[in-house]
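Me: I'd like to learn how to read charge pairs and surface patches in a model. Can you walk me through one?

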Amino acid sequence: MIDFSLTEEQRAVRQTAREFAENEVEPVAREHEESGEWPREVWEKAVDAGLIGVSIPEEYGGAGMGQVEASIFAEEIAYADAGMLAAIGTEFGTRMIAEYGTEEQKEWILEGVTSGDLIGALGNTEPSHGSDAASIETTAEKGGDEYVIDGVKTFITHGTIADYVLTMARTGDEGHGGISAFIVETDRDGFAVESEISKMGWNASETAQLRYDGVRVPEENLVGYEDAGFYQLMEFFEEERVGIAAQALGIARRCLDEAVAYAGEREQFDRKIEEFQAVQHTLADMAVQVENAKRLTYDAAARIDRGEKPTKLASMAKLHASEAAESVASDAMQLHGGNGYTREYPVERQYRHAKIYQIGEGTSEIQRNIIAKELLGL
């Protein structure tokens, strides 16, 4: 039997994250979601509280948290508002740099992120290549002691405010084996924000399409090994997918709590709607989905912390938690009736946030492919 009880340290992480969510995120979440303004003041408070780059090693200013602790943090902030979590998460690319970067890169990027001096972004997705990451067309041509990067990246979180973009570019042959990772400062000549992208949710977190037009970076900006970037990125997909599952779990848990509370307050036909069996059954089904998402997510997180590589389980957690988030959010809106369709209640906002979790970090279809291949040994 798996023990899901938390250690004293993990309970402290939950309490810290919950207090930050309640005091700093919740009060302004609706305002920033509607205005689309990046919540700089909340991010600055998160930096001051040591909540940025929680997984970054302590020697570079991070908290050195394991996957369970990082998942707890993500779940609690997403419970308040998942879009705000996306907005203040400015440590893109730091996992790869922490593992494969040079000491100079670690001091530059990791310390810069945790101190609030740098905001990061990850440039992988392209207009014609999302799930098919091995077919990216952005190129990095070597010339002397520098690389010249040309291409377009899209759906880039923090693309308009980032100080650097960890950019995946083709340096070799077609396929997985010809891709490298580069730190590209956004103030370099030839780098431009081509357009900002409007979304149905996560509006506090801006998204952009970026263009690289002959952007020159020194060879010192290569992270890890040439032509190994794709494999370096894949090395952390279990962690990333479990992190996404934790965020989706936060949405699902919040929507369940809101639905339970509303059912105990709303009256129809001279009685509270919680007394109707149809409502009870819906709440029961929602609770089962939330509990299953929790167990899959934290089982996978604990295995990562034990040094395992739970590829199948991480994909199961990401698949189930993301689909549970959308399903539970939809049911919560339905139980709220017309009120659920208004912006006065948080379930409407969380419902709009939920859909991205079935798409980002590998779609639900990709997760099913991974699970099936692991089962079949393909």
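Me: In which helix do D299 and R303 lie, and how many residues apart?

Reply: A quick word on the model: it is predicted, so local features need pLDDT of at least 70 and side-chain atom pairs 80 or more, while totals for chains, interfaces and linings use all residues. Residues are numbered from 1 along each chain as its sequence is written, and side-chain values use heavy atoms, leaving out hydrogens and water. Now your pair: D299 and R303 both sit in helix α8 (residues 277-305), four residues apart, about one turn of the helix. Helices here are DSSP runs of H or I with at least four residues, strands are E runs of at least two, and both are numbered from the N terminus.

Me: What joins the side chains of D299 and R303?

Reply: Side chains of opposite charge can pair when their charged atoms come close. The cut-off for a salt bridge is a side-chain nitrogen of Lys or Arg within 4 Å of a carboxyl oxygen of Asp or Glu. D299 and R303 meet in one at 2.8 Å, N to O.

Me: Is D299 buried or exposed?

Reply: Buried means under 20% relative accessible area, exposed over 50%, partly exposed in between (1.4 Å probe, protein chains only). D299 is buried because its value is 10%, whereas R303 has 26% and so is partly exposed.

Me: How many salt bridges does a search of the whole structure find?

Reply: The search turns up 27. Another one is E75 with R253, at 2.7 Å from N to O. Here helix α3 (residues 67-88) holds E75 and helix α7 (residues 237-263) holds R253, 178 residues apart. Both residues are buried.

Me: What about the surface: which residues form a nonpolar patch?

Reply: Patches take residues with over 30% relative accessible area and no salt bridge; like charges are joined within 9 Å, nonpolar side chains (Val, Leu, Ile, Met, Phe, Trp, Tyr) within 5 Å. L375, L376 and L378 make up the nonpolar one, with about 390 Å² of accessible area together. L378 lies in the segment after α11 (364-376) and is exposed, at 75%.

How values were computed. Areas by Shrake-Rupley, 256 points an atom, 1.4 Å probe, with all protein chains shown as cover.
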